[in-house]
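I opened my notebook today to look up some charged pairs and one loop. Here is what I had on screen.

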Amino acid sequence: MGTVSPRAVLSFEKWKLEPDLEPDSEPVTYAMQCAVDEETSPASEDWVTPQDWVLEHCGKHPSHHTYREIITRPWRAWRRT
């Protein structure tokens, strides 16, 4: 029986990661999440909807003072040539 030797081909490529600013990219959206009960505002392309949600949520739950900002930003990865 002959000897078997493994072979591998390795290809190292450089990749770049950056925010997707192309005209057809998904929009950046904003939302707020209550840190107390983890309820989340609707996502919006502007700040008004999440901020209004926080103020309404505070009014309904006076002990809820802490919130998280959630930003969804599209990114893209591509190989450098």
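This is a predicted model: local features need pLDDT of at least 70, side-chain atom pairs count only at pLDDT 80 or more; totals for chains, interfaces and linings use all residues.

My entries below go from the salt bridges to a loop residue.

**Entry 1: salt bridges.** How many salt bridges does the structure hold? I got 5.

**Entry 2: Glu18 and Lys16.** These two side chains form a salt bridge, at 3.9 Å from N to O. Is Glu18 buried or exposed? Its relative accessibility is 18%, so I wrote down buried, because the cut-off for that is under 20%. Lys16 comes out at 29%, and I put it down as partly exposed.

**Entry 3: Arg76 and Glu18.** Glu18 turned up again, this time in a salt bridge with the side chain of Arg76, at 2.8 Å from N to O. Where do the two sit? I found Arg76 in strand 4 (residues 75-79) and Glu18 in strand 1 (residues 15-19). They are 58 residues apart in sequence, so this pair ties together separate parts of the chain. Arg76 has a relative accessible area of 28%, and I marked it as partly exposed.

**Entry 4: Arg76 and Glu22.** Arg76 also forms a salt bridge with Glu22, and their closest N and O atoms are 3.9 Å apart. Here too the pair links distant parts of the chain: Arg76 is in strand 4, while Glu22 is in the loop between strand 1 and strand 2 (29-34), 54 residues apart. For Glu22 I noted a relative accessible area of 39%, which means partly exposed.

**Entry 5: Ser63.** I moved on to another loop. Ser63 is exposed, with a relative accessible area of 58%.

Technical notes. Residues are numbered from 1 along each chain as its sequence is written. Side-chain values use heavy atoms; hydrogens and water are left out. A salt bridge is a side-chain nitrogen of Lys or Arg within 4 Å of a carboxyl oxygen of Asp or Glu. Buried means under 20% relative accessible area, exposed over 50%, partly exposed in between (1.4 Å probe, protein chains only). Helices (H or I, at least four residues) and strands (E, at least two) are DSSP runs, numbered from the N terminus.
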